[in-house]
Amino acid sequence: MSSSNICYSKSKVISYEQKLFIKKALRQLGFNPKTIGFLFFQKAIIFVYEHDIISINLNEIYRYISIKTSQPIKTIQSAFVYSFNNLNTKKLSLNYESIFKIEFSSEFFNISNLINDFIDILDIN
């Protein structure tokens, strides 16, 4: 199946305030807002939230963002990994608990869990 044939139906709508929260929280976590990965992370969180996705599949997220942005999947994947690997770790450890109301654990910190933590907070608000 070609990625251009993938159809996603929205079950939720994200508010302007929620979008601002995502952007602000990513900055507070140490993401560099000048990278394309910052934008892709925002799009990934919004996609997962709006489509009520329970099990995070990064390849599905990369395909979706590729369709929406007309960027190659490899570019999107590289931008995700670069942004994630170049987080300001001091900001991350200082702000994680205040944003998500859970203790930061580097042992469980990965892209999928970060997106899930955002979804949990967005569902509360």
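Trainee: Why does Ser-83 count as buried?

Mentor: Its relative accessibility is 6%. Buried means under 20%. The value falls below that cut-off, so Ser-83 is buried. Keep in mind that this is a predicted model.

Trainee: Where is Ser-83, and which residues is it in contact with?

Mentor: Ser-83 belongs to helix 4, residues 73–85. Setting aside neighbours within four places in sequence, its contacts are Phe-31, Thr-35, Gly-37, Phe-38 and Phe-41. Contact here means heavy atoms within 4.5 Å.

Trainee: Why is Ser-55 called exposed?

Mentor: Its relative accessible area is 60%. Exposed means over 50%. Ser-55 passes that mark, so it is exposed. This serine lies in the loop between helix 2 and helix 3.

Trainee: How far is Ser-55 from Asp-120?

Mentor: Their C-alpha atoms are separated by 13 Å. Along the chain, the two residues are 65 residues apart.

Trainee: What makes Asp-52 and Lys-12 a salt bridge?

Mentor: Their side chains meet at 3.3 Å, N to O. The cut-off is 4 Å, between a side-chain nitrogen of Lys or Arg and a carboxyl oxygen of Asp or Glu. The distance is within it, so the pair qualifies.

Trainee: Which parts of the chain does this pair link?

Mentor: Distant ones, 40 residues apart. Asp-52 is in the loop between helix 2 (36–50) and helix 3 (58–69). Lys-12 is in the segment before helix 1 (16–28).

Trainee: How do you know that Lys-12 also forms a salt bridge with Asp-123?

Mentor: The closest N and O atoms are 2.6 Å apart. That is within 4 Å, so this pair is a salt bridge too. It also links distant parts of the chain, 111 residues apart. Lys-12 sits before helix 1, and Asp-123 sits in helix 6, residues 111–124. Shared partners join Lys-12, Asp-52 and Asp-123 into one network. The structure holds 2 salt bridges.

Trainee: Why are Asp-52 and Asp-123 called partly exposed?

Mentor: Asp-52 has 42% relative accessibility. Asp-123 has 41%.

Trainee: What is noted about the phi of Asp-52?

Mentor: Phi of Asp-52 is near 50°, a positive value in a residue other than glycine. Ser-70 has a positive phi of about 60°, and it is not a glycine. Ser-70 lies in the loop between helix 3 and helix 4.

Trainee: How do helix 1 and helix 6 pack?

Mentor: They pack at an angle of about 140°, with axes 11 Å apart. Their crossing is right-handed. Helix 1 brings Gln-18, Phe-21, Ile-22, Ala-25 and Leu-26 to the contact. Helix 6 brings Phe-118, Ile-121 and Leu-122. By class, that contact has 7 nonpolar, 1 polar and no charged residues.

Trainee: Which residues is Ile-115 in contact with?

Mentor: Leaving aside neighbours within four places in sequence, they are Ala-44, Ile-45, Val-48, Ile-56, Leu-58 and Ile-61.

Technical notes:
Residues are numbered from 1 along each chain as its sequence is written. This is a predicted model: local features need pLDDT of at least 70, side-chain atom pairs count only at pLDDT 80 or more; totals for chains, interfaces and linings use all residues. Side-chain values use heavy atoms; hydrogens and water are left out. Helices (H or I, at least four residues) and strands (E, at least two) are DSSP runs, numbered from the N terminus. Buried means under 20% relative accessible area, exposed over 50%, partly exposed in between (1.4 Å probe, protein chains only). Axes are lines fitted to C-alpha atoms, for helices over the stretch in contact, and angles run from 0 to 180 degrees between N-to-C directions. A crossing is left-handed if the near helix is turned anticlockwise from the far one by less than a right angle, and right-handed if clockwise. Ala, Val, Leu, Ile, Met, Phe, Trp, Tyr, Cys and Pro count as nonpolar, Asp, Glu, Lys and Arg as charged, and the others, Gly among them, as polar.
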